[in-house]
Amino acid sequence: MIPTYYLGRLINKKTGALSAVVIALLPVSIMNSRYIMTDHVGAILALLTFLFFFIGTKETAKRHYLYYGGFTLTLSILSKFTNLLLFVLLLPFLLILIKKKRIKELFILAVIFFFSIIPYLFYNYTKYGNPIHSFIRAWQVVAQPAPVSLNFILYIFNDTFGLVFLLLAIWGFALFVRYNLINRKPLYYKRLFNGVLIFTFVLLLLYFLYVINKGVAKPQGIEWEAERFMLLLVPFVIVFSSYCLIYVTSLIKSKAKVVHTLAIVVILIAGFSLLGANYVRAYTPQIEFEGGLRHVTKETGMFLKNSDISAIVCIGNCPPIAYYSNKKVKIVYSQNELIDPKIEYVLSFNKIMSKEYNLNNIKTICRQNSCA
């Protein structure tokens with residue numbers, strides 16, 4: 001909420017205040033802030049880093065913000081390795097600093113970044129023999145891209161923002177480009193930083209489209225889970241929608257501020273009312289999703305934990321099994337890999353079809369539509 005306020009304030013105070021209210025009430029924000037995952041924390045730290053660089057570069061008197069940015073850059077990357085994207089997002093600021101010959105500040109923030117990340121690089125070197133091992137592996141999530149349809153992309157955006165906020169954001173972005181970049185009225189320096197905002201928004205949008213086409217978790221029935229890869233984009237969308245909402249209500253021919261405020265409230269209620277199902281989802285315990293699969297996974301993991309089984313070969317929803325059971329779990333991805341006389345115990349979330357495998361069923365756990 002607070003970082004989004006300052007992001008909107010880069011345009012004006014009203015946009016900042018309204019953006020903070022909207023994102024605080026947006027279901028995707030509520031849901032991810034309730035989860036113990038790095039996506040939300042990583043997005044907040046990445047946004048803070050962007051803001052620190054923006055303010056520190058634009059306002060020379062606040063150069064110390066750049067140094068804060070050097071430290072939060074490390075934290076954001078360590079929270080979410082894919083935040084390496086920040087090196088591209090921050091490139092315009094680095095070019096501006098070089099052009100303005102603020103080399104000393106660049107050097108100091110580079111030193112802060114290097115010394116704050118060096119302990120982790122040293123850990124990688126001692127553990128894997130390569131200081132950037134984890135960063136390289138962070139981009140190797142899937143073997144083959146899994147392109148999605150245009151309908152799925154439209155579904156994701158509509159599910160995240162709702163039709164009202166989505167239309168306001170598109171209109172707001174067009175207005176911002178027209179009045180703050182194309183229009184020659186703003187001074188060159190102001191247009192330059194307005195251009196940085198536009199560049200960042202477009203790049204984050206393209207990055208998200210690339211990621212969901214590359215292949216991320218989209219389990220059947222909870223395809224909306226892919227929205228967590230959009231979290232850094234969400235504040236920018238909300239800022240442009242808030243900017244548009246203020247612009248639209250300013251067109252009302254009335255000098256009474258209460259009329260403009262009332263118009264904003266009515267539009268906000270309309271926007272949030274389209275996200276009713278999302279609020280239910282936001283407050284639904286995670287274990288209830290995926291048709292009983294998560295209940296089955298937890299119960300199976302606890303069964304294994306209390307059993308004499310020391311090692312198991314698993315096919316299906318395996319990583320959580322290792323967590324709940326505290327046992328060694330070898331993951332395989334094909335039933336053909338199960339035809340091995342050395343394998344003693346197998347866990348599968350689907351029926352084993354191979355006739356070559358001698359199956360002695362010692363335990364079956366089922367809930368709703370799922371079994372292990």
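A residue counts as buried when its relative accessible area is under 20%. That cut-off is used throughout this report, which describes a predicted model.

**Helix 8**

Helix 8 covers residues 103–128, and its 26 residues, taken at 1.5 Å a residue, should span 38 Å, which agrees with the 35 Å that separates its end C-alpha atoms. Beyond its end comes Gly129, a residue whose phi is positive, near 80°.

Buried positions occur along this helix, namely Glu105, Leu106, Leu109, Phe113, Ile117, Tyr120, Leu121 and Asn124. The partners against which these buried residues pack are helix 4 (38–58), helix 5 (64–79), helix 6 (86–89), helix 7 (91–99) and helix 9 (133–137).

**Salt bridges**

| Pair | N to O distance |
|---|---|
| Asp39 and Arg228 | 3.1 Å |
| Glu105 and Arg102 | 2.7 Å |
| Arg281 and Asp159 | 2.9 Å |

The side chains of Asp39 and Arg228 meet in a salt bridge, and this pair links distant parts of the chain, with Asp39 in helix 4 and Arg228 in the loop between helix 11 (188–214) and helix 12 (234–250), 189 residues apart. Both residues of the pair, Asp39 and Arg228, are buried. Asp39 and Arg228 also belong, together with Lys80, to a network of linked salt bridges.

Glu105, already named among the buried residues of helix 8, forms a salt bridge with Arg102, and here too both partners, Glu105 and Arg102, are buried.

Arg281 forms a salt bridge with Asp159, and the pair again links distant parts of the chain, since Arg281 belongs to helix 14 (residues 276–282) and Asp159 to helix 10 (residues 150–182), the two being 122 residues apart. The relative accessible area of Arg281 is 15%, and Arg281 is therefore buried, the cut-off being under 20%. Asp159 has a relative accessible area of 10%, so Asp159 is likewise buried.

Methods: Residues numbered from 1 in each chain as written. Predicted model: local features only at pLDDT ≥ 70, side-chain atom pairs only at ≥ 80, totals over all residues. Heavy atoms only, no water. Helix = DSSP H or I, 4+ residues; strand = E, 2+ residues; numbered from the N terminus. Expected span 1.5 Å × (residues − 1). Buried < 20%, exposed > 50% of the residue type's maximum accessible area, 1.4 Å probe, protein only. Contact = heavy atoms within 4.5 Å. Salt bridge = Lys/Arg side-chain N within 4 Å of Asp/Glu carboxyl O.
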